[in-house]
Amino acid sequence: MWCASCLASACAGCTCNLCASALSAISRRSARLAYCGLFAASLVLSFLMRQFATPLLKQIPWINTFDYTQPDEWFQMNAVLRVSLGNFLFFAIFALMMIGVKDQNDRRDAWHHGGWIAKIVVWVVLIVLMFCVPNVVITIYEVLSKFGSGLFLLVQVVMLLDFTNNWNDSWIEKDEQKEIALLVVTVVCYLSTFAFSGLLFTWFNPSGHDCGLNVFFITMTIILAFAFAIIALHPQVNGSVMPASVISVYCAYLCYTSLSSEPDDYACNGLHRHSKQVSMSALILGMLTTVLSVVYSAVRAGSSTTFLSPPSSPRSGIKNPLLGDDNVEVGKSDSKEIDARPVSYSYTFFHVIFALASMYSAMLLTGWTSAASDSSELMDVGWTTVWVRTCTEWATAALYIWTLVAPLLFPDRDFS
């Protein structure tokens, strides 16, 4: 028994040392991905709390303060919002702390990239503390999350536009094979858009029912796909058909997620017999796009002259070199100048993205806190979700069209 205890203690000590070594080994570059890992952990925790924490929350007196029995859906929603609030506060606090960081000489630069053991402890403590606050705090956060999620959806659209434009620019500058690949991608995307739209007509416009609203949504998606191509190919527009095709596919995807989020008792929802599976698949896709958005923001941060880069960034378009002499050696009197290099991206905006994503993930897991669904197995379902996703599709279309026509409307401004 004593040997077993010693062995267990030794294993635990080795494990802690390995974890500490791994956390301390996080570099400046990998720190951004470490934040993504922390955010992904919050998504997993939110999902687990939603599925299994209801019996525990019913036993907590300051949460279950009702004279009558609340449905399980209320406790599931409450658990998700509390985890989300803790995650939001973690990133919001860092966003406030990083305001004004311009160079790597700032002590807060080290806070942003290091101290991961302390960060994880703070993150855990914040989430635990959120289960000690009264329900009124969660109700306020629930309302604020709807607005924050809307902002995140707009940021997500900007990221998609940034990704497609950079993808197109990087390939069009290569050899002829890359141009052929661009053409193939464009054709595949447009064929996918129109084929998928045909399936939407089959699924969400069943015969014998008046489904004018669904037909309008699908028809608008097809019209937008044609409009993207026509505007992008206009002689006066400096556009490309490949980004137009990718945006078309994304709009078709948003249209599908919107229609599949209709209540399962709605006659025009042709997938209502498989509503549980559709809800779970839509949730997984929504979570995947959310994670991809925050990962892209982390990796892309500072690599563009207009995306996440502060004016002091070496990638913000400043022509002056950071160092006057390339031959300066580290350790000389000028080493202080080397250490004072400008930061390559805005730390504050970086954390704001994660804070807004925390709000959005809570809305995904709770169906935008809509009580339309009577089943606790259905997530992200209800008319609120339908209109949020539809408005996101239209906002995506509007922003993309704006990127095409803005240089024509304001020729004196630089939109590059």
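Buried, in this talk, means under 20% relative accessible area, exposed means over 50%, and partly exposed is in between, with a 1.4 Å probe and protein chains only. By that cut-off, F350 and F354 are both buried. I'll come back to that pair.

First, the ground rules. This is a predicted model, where local features need pLDDT of at least 70, side-chain atom pairs count only at pLDDT 80 or more, and totals for chains, interfaces and linings use all residues. Residues are numbered from 1 along each chain as its sequence is written, and side-chain values use heavy atoms, with hydrogens and water left out.

Now the overall picture. The protein chain has 14 helices and 0 strands. Those elements are DSSP runs, numbered from the N terminus: helices are H or I with at least four residues, strands are E with at least two. Along the sequence the pattern reads α-α-α-α-α-α-α-α-α-α-α-α-α-α. The chain has 416 residues, and 44% of them count as buried. Contact means heavy atoms within 4.5 Å. Take the contacts with a separation of 6 or more: residues 24 or more positions apart account for 77% of them.

On to helix packing. Two packed helices are described by the angle between their axes and the distance between the axes. Axes here are lines fitted to C-alpha atoms, for helices over the stretch in contact, and angles run from 0 to 180 degrees between N-to-C directions. Under 35 degrees is roughly parallel, over 145 roughly antiparallel, 65 to 115 roughly perpendicular, and the rest oblique. For handedness, a crossing is left-handed if the near helix is turned anticlockwise from the far one by less than a right angle, and right-handed if clockwise.

Start with α9 and α14. Their axes are 10 Å apart, at an angle of about 15°. The two helices are therefore roughly parallel. α9 passes α14 in a left-handed crossing. On the α9 side, the contact residues include L213, F217, T221 and F228. On the α14 side, they include W383, W387, E393 and Y400.

Next, α10 and α14. Helix α10 covers residues 241–260, and its axis comes within 8 Å of the α14 axis, crossing at roughly 170°. That makes α10 and α14 roughly antiparallel. This crossing is left-handed. Among the α10 residues in the contact are Y250, C251 and C255. Among those of α14 are R389, E393 and Y400.

Which residues does T221 touch, beyond its neighbours within four places in sequence? C251, A252, C255 and E393. T221 itself lies in helix α9. T221 counts as buried, at 2% relative accessibility. Its C-alpha is 7.8 Å from that of S197, 24 residues apart along the chain.

α4 passes α6 in a right-handed crossing. From α4, the contact includes F90 and F94. From α6, it includes K119 and W123.

Now the aromatics. Rings of Phe, Tyr and Trp (its six-membered ring) pair if their centres lie within 6.5 Å; planes under 30 degrees apart are stacked, over 60 edge-to-face, and the rest tilted. That rule gives 25 aromatic pairs. Take F228 and Y400: the ring centres are 5.2 Å apart and the planes at 85°, so the pair is edge-to-face. This pair links distant parts of the chain, 172 residues apart, with F228 in α9 (residues 212–232) and Y400 in α14 (residues 383–409). F228 and Y400 are buried.

Back to F350 and F354. Their ring centres are 5.0 Å apart and their planes at 55°, so this pair is tilted. The two residues are 4 apart in helix α13, residues 347–366, which means a separation of about one helical turn. Ring pairs join F350 and F354 with Y35, F39, F90, F91, F94 and W116 in a cluster.

W116 has a charge over its ring as well: the charged end of K119 sits 4.2 Å from the ring centre. The rule is NZ of Lys or CZ of Arg within 6 Å of the ring centre and within 35 degrees of the ring normal.

Last stop, S145. S145 is in helix α7, residues 135–172. S145 is buried, with a relative accessible area of 0%. Beyond neighbours within four places in sequence, S145 contacts M359 and M363.
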